[in-house]
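Try each task before you read its solution.

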Amino acid sequence: MTSDSDDALSWDGDEGGSPTRPAPKKPAKASRERAESAQTQGEANDPALPEGWNAVGKGSAAVGRIENEDDEDQQPLSTAMLLILGIVGGVYLLYSVGWVVGGLRLKPLANFFVADAMFLPWFVLAVAAPLLWFLASWVLTRGKAGWIRVSALLLGVVLLVPWPFVTVGAIGL
């Protein structure tokens, strides 16, 4: 192990090396053994790169391309869409908390009308509804226009309001 500070800034096998000392020579026997072990382990001899990557240097013309198996074009989300997703996701998270607080505040009143076995599954579904709506609108609007995805998310904001929390509040009853 050397104490050269430039060792942390170089990769094993860099051609340049540090300017104060020459790059260490690798024995040809070790590189041949690595190539033979790669062939025996089933690694492909045909190098290929995914879309968006470019090979440079000696032998770069022989590098092929990996074909995308997805039929639809994967475009990154715009900044506005990321902001909308973050804000609406935060609202849905607050809605889940509101359903927990409001549902627990209504539980003593609900025990007069229904048993716990009937209250608990609907309580869990009410708490999970914002997450389920977010996931469903995300998956079902994939590949559609951005305004369709935003309108599906905003429709959930309107429909999933935690009414027990809104009407009774955290300190009601």
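**Exercise 1.** Are Tyr92 and Tyr95 buried or exposed?

*Solution.* Some ground rules come before the steps. The model is predicted, so local features need pLDDT of at least 70 and side-chain atom pairs count only at pLDDT 80 or more, while totals for chains, interfaces and linings use all residues. Residues are numbered from 1 along each chain as its sequence is written, and side-chain values use heavy atoms, with hydrogens and water left out.

Step 1: recall the classes, which use a 1.4 Å probe and protein chains only: buried is under 20% relative accessible area, exposed is over 50%, and partly exposed lies in between.
Step 2: apply them; both Tyr92 and Tyr95 are buried.
Step 3: Tyr92 and Tyr95 are about one helical turn from each other because they sit 3 residues apart in helix H2 (residues 79-110). Helices here are DSSP runs of H or I with at least four residues, strands are runs of E with at least two, and both are numbered from the N terminus.

**Exercise 2.** Classify the ring pair of Tyr92 and Tyr95, then that of Phe119 and Phe123.

*Solution.* Rings of Phe, Tyr and Trp (its six-membered ring) pair if their centres lie within 6.5 Å; planes under 30 degrees apart are stacked, over 60 edge-to-face, and the rest tilted.
Step 1: count; the structure holds 3 aromatic pairs.
Step 2: for Tyr92 and Tyr95, the centres are 6.5 Å apart with 50° between the planes, a tilted pair.
Step 3: for Phe119 and Phe123, the pair is stacked because the ring centres lie 5.7 Å apart and the planes meet at 15°.
Step 4: locate the second pair. Phe119 and Phe123 are 4 residues apart in helix H3 (residues 116-140), about one turn of the helix. Phe119 counts as buried because its relative accessibility is 16%, and Phe123 counts as buried because its value is 15%.
Step 5: look for a cluster; ring pairs link Tyr92, Tyr95 and Phe134.

**Exercise 3.** Which residues make up the largest nonpolar core, and which element supplies the largest share?

*Solution.* Step 1: define the core as a set of buried Ala, Val, Leu, Ile, Met, Phe, Trp, Tyr and Cys residues joined through side-chain atoms within 4.5 Å.
Step 1: list the 11 residues: Met81, Leu85, Val88, Tyr92, Tyr95, Ala129, Val150, Leu153, Val157, Leu160 and Val161.
Step 2: assign them; H2 and H4 each supply at least two residues, and the largest share, 5 residues, comes from H2.
Step 3: check one member. Leaving out residues up to four places away in sequence, Leu153 touches Leu85, Val88, Tyr92, Trp133, Phe134 and Ser137, where a contact means heavy atoms within 4.5 Å.
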